[in-house]
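Here is a brief report on selected local features of one protein model.

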Amino acid sequence: MNHALDTAVRRPVLRGQQAVAGLWLPAERFAEPERIRLLLEHWQAGASAWRFEQGDLLRWREPQRLHCEQLLGWPLVLSGATLCSAPLADTERAGLAAADLWLVRDSQVVALHLADAQVLHPGQWLNIDGYSLLDTFDCSPALPAPLLQPLAVRSDIREILGEAVGAPDPAREEVMRAMAQRAQQGPPEKPGTGRVGLSVKVVFGLFAAWAVFGLLPRLLQPAAPLAEVAEVSHTSPTTSTSWLLFILVFGIFAGMAAMIGGKSSPGPSGRAPGTAPAPVKPAAAGIPARKPKGRFTPGFVDRWLTRLASASRLNRLFGKRQADYLQRMLEMFEEGDLNEALRHAIPLGDQPGDSLQAFGTPQRRTELELSQQRGAGRSIGLADDFRDHLRTMYRKSFEKLDREGRVDEAVFVLAELLKVRQEALDYLERHQRYAQSAELALAWDMPPAVIVRHLCLADDWQRALLVARRDNAFAAAVTALEAKWPEQAGRLRLEWAQALAAQGQWLMAVDVVWSLPQERARAADWLRSAEAGGERLAAEALVKRALLLPDTLQAYEAYLLALRDDPARQAERLAIGRALLANKQSSRACTWLAAALAGALVADRQLPAAQVQKLIKLSNDSLLQADMPKLNFSPMATVALRAVAQPCQWQAPTAGARAIIDAVALDDGRSLVALGEAGALVLDAQGRTLGQFAVPAQHLVLAESRQVALAVIRRGEVWRVSKLDLANRTVHDLGVVAMDDFARQFDGIGWTIGKADHVRVVDVDNGLGTLWHVDQLPGKVLGVFADASNEHLLLQDTHGGLQRWRYRLPDRRLQARDELTLAGRDGATLAFGLAGEPIEYWLNHPEADPVIMLEHGGRCAGYNLPGLDREAIDWPSIYLGRDWLVVVYWAEGGHQHLRFFNRADDRHYATLHWPGREHVGVRCVAGQWTVFDGQGRLFCLNVEDAWPRTLSLY
């Protein structure tokens, strides 16, 4: 029944931004099909709808702040428990009868009751016959092995330089063979052991037998320095009886040497300091893997042989042949016969003085390859002054070849003989030999920016971009190119900006590309993407727009005025204020922006008084500066969880209607939740849906920018992967990939996955192509753990042993390879932290409250669990962050407790009470904790702010 009342209303409509609780769609304005469309468009989870004779009513579960002028229907606000279309005064409301809805028409109030209306079910209006909500794939066929074969990367300088120098003399190879032996072998199974060639075994047996006949006393004395290579000594003969004993002892020790030697397993393209280098494996199409850094560390047998040779003066016996060779080589250089001299010349090691004695029978070598080893391995014993003489002679030969225009031979002297590789690349660049310099930069594994620059100059853009994306080398390479090669620098700059935009770093992409005038339209699109990326990013984008596109700021005047006047939008004003303060430039638009918001920022008191004074000065408003009193206040400090005086007590939110499979916290109070086959949602702090992605999502992998994520779901033996752009609400399906484990974070470009005994970093913008990989690991990949600066691999060998490999990002150099030793306590459970550190935990049962014990690195700590349900005594589980520990356990009364402990002081800081015994999911990403379950509950906590967010998903 309708009731028209005589009470006149002074303000019959709602204006500005209001807490709108519903919409009224009048029948005289909207036909029924249009009302149906608007109801569906504005429908939200938990909403309700009714149909009256006068029109349709939509009511949301919770009010939301909206601009009334921007709504097509009549906005409704709550006046007590009644929906009303006007801001009624107390005197106006006093004369009205109770109703569910008050509509103001011509300053008169019409009262409506829901009992007189028809309940609407908008879900019945949707026809989904023949429509598939989610795309599906047939993943039953087995995936082929990933293609990892690269284009050939040549490492022979003679091949790269076009055979200008010619093949080396065979006699030179006799001297060089032992020096190159270490680089040609695989790495040892353990540091200090390795493959011992047959000739070394024989020599070992020979030396051992010789030691039995009187050399042991010499070994006990300090080893004499290696003599000049031209000095030779003769040995005395032995009797026939002595020779029989000699042969017998020789056989014994040769057998021992055979047992010591053995073939080692191949290693990865990276190693821990102090271990032998591994053979280099190709990383991706066209680029080699990163080479290991560090120096060769000799093993016990190598050091013993060198000392034995020195003590027995056998090194001089070997040095006789080497001295003859070096004498002939010197004569060739002195006579000016450079063609033959270069064929006989021996390279100088990068680090003289740390090499071992060269042994072995010389053999002919058809090619001279560049050594991939950093530092010397084995060499003949050259005195320091002789090495200096060779270096001077090589340098003079280079200068002569350069004057004669013999570029190939000159660069050969720099690269192969003097080992000054950067100078060799600069020399080739000066002579515009870009293709050769690029190949050598790759073969020598030079710094990434150097490789990218030379590949760009060689017009090899495919490999240049692979290296730049793999090692994040855009910035340094662009800087190196801009001065002399602006065209190449501009092209690489555009590729850099596009890579940043794909990572969700839109403002950085705008800064990078703005120096290219023809690409500013693209930059404007990225600014709009940033404006949709949350309050903080939108504020920074507004300031960036004021700097770069001040004329377009006029279109934001209404937005800024509403932002200034709304008391509830303090967070957005604070973000703009901070962005203005961080800006090092100034413009008229920035001045106007500061003047518009200065007063509101003073009232908010979220910035320190000194920073507010800077904003007032930036406004250039003399009247404002004159009227503004002296400010002396401090902003309200945010209380971190670790600063609370007493442990916090929190309650889980009420149950929702949709199961949450995974969840991560985003910026500005937003969240990304995975719903399994139902897709993924971006929610605001109140639980409203900001974006929906119609791709199945079981696990979420968040990028460092928090604007890009991967949705991953298992499909039998493979995993389907989709890339989500959270601001632009777009999805890019990446297909399926076979893997056993994967990193839960990535930089927005390279994502690390593990399968069996190999690890790959795949490019999410290039169809999951391989950027970097390492295979033939000494065990199966159990876990991949990554953050912004490090990446850890957890391996398990065939015997159950565990290793943890730590790589430094972004260049992925292996920093450490740790053997993990576990206590193996009976009844203990194993867990792993964010860096792959193993932690064993178990329960103690004292007379008082049970205590959960954690042991890591020899340190043991206990945490009390009051009210533990005795029927679930073995049930507690732990979740580890960098500094925090969360223990989940069943408490008496049929519910769960989540207790937050700080790992540094073992103190209890908070307890979260969670109803029921259903499994609770817990995740920590960069200090942001999320807790969720299959009943639609979501709890978000930033440990830097002790005020959590809770919501229920309907």
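How many aromatic pairs does a search of the whole structure find? The search finds 11. Rings of Phe, Tyr and Trp (its six-membered ring) pair if their centres lie within 6.5 Å; planes under 30 degrees apart are stacked, over 60 edge-to-face, and the rest tilted.

## Basis of the model

This is a predicted model: local features need pLDDT of at least 70, side-chain atom pairs count only at pLDDT 80 or more, and totals for chains, interfaces and linings use all residues. Residues are numbered from 1 along each chain as its sequence is written, and side-chain values use heavy atoms, leaving out hydrogens and water.

## Aromatic pairs

Phe-333 and Tyr-394 form a tilted pair, 5.6 Å centre to centre with 50° between the planes. Phe-333 sits in helix 8 and Tyr-394 in helix 10 (residues 384–403), so the pair ties together parts 61 residues apart in sequence. Helices (H or I, at least four residues) and strands (E, at least two) are DSSP runs, numbered from the N terminus. Both Phe-333 and Tyr-394 are buried. Buried means under 20% relative accessible area, exposed over 50%, and partly exposed in between (1.4 Å probe, protein chains only).

Trp-884 and Tyr-909 are edge-to-face, because their ring centres are 5.3 Å apart and their planes lie at 75°. This pair links strand 37 (residues 884–891), which holds Trp-884, to strand 39 (residues 908–914), which holds Tyr-909; the two residues are 25 apart. Trp-884 and Tyr-909 are buried. Elsewhere, ring pairs join Trp-650, Phe-900, Trp-929 and Phe-939 into a cluster.

## Surface charge

Glu-331, Glu-334, Glu-335 and Asp-337 form a negative surface patch. Patch residues have over 30% relative accessible area and no salt bridge, with like charges joined within 9 Å. A salt bridge puts a side-chain nitrogen of Lys or Arg within 4 Å of a carboxyl oxygen of Asp or Glu. Glu-334 belongs to helix 8 (residues 314–334). Its relative accessibility is 62%, so Glu-334 counts as exposed.

Most residues other than glycine have a negative phi, and most peptide bonds are trans. Asp-445 is not a glycine, yet has a positive phi of about 55°. Asp-445 lies in the loop between helix 13 (434–443) and helix 14 (448–457). At 3% relative accessibility, Asp-445 is buried.

Gln-776 also has a positive phi of about 55°. Its loop runs between strand 27 (769–774) and strand 28 (780–786). Gln-776 is partly exposed, at 31%. The peptide bond from Leu-809 to Pro-810 is cis, with omega near 5°. Pro-810 is in the loop between strand 30 (802–808) and strand 31 (813–820).

Technical notes
Patch = residues over 30% accessible without salt bridge, like charges linked within 9 Å, V, L, I, M, F, W, Y side chains within 5 Å. Areas by Shrake-Rupley, 256 points an atom, 1.4 Å probe, with all protein chains shown as cover. Lys, Arg positive; Asp, Glu negative; His and termini not counted. Charge placed at Lys NZ, Arg CZ, Asp CG, Glu CD.
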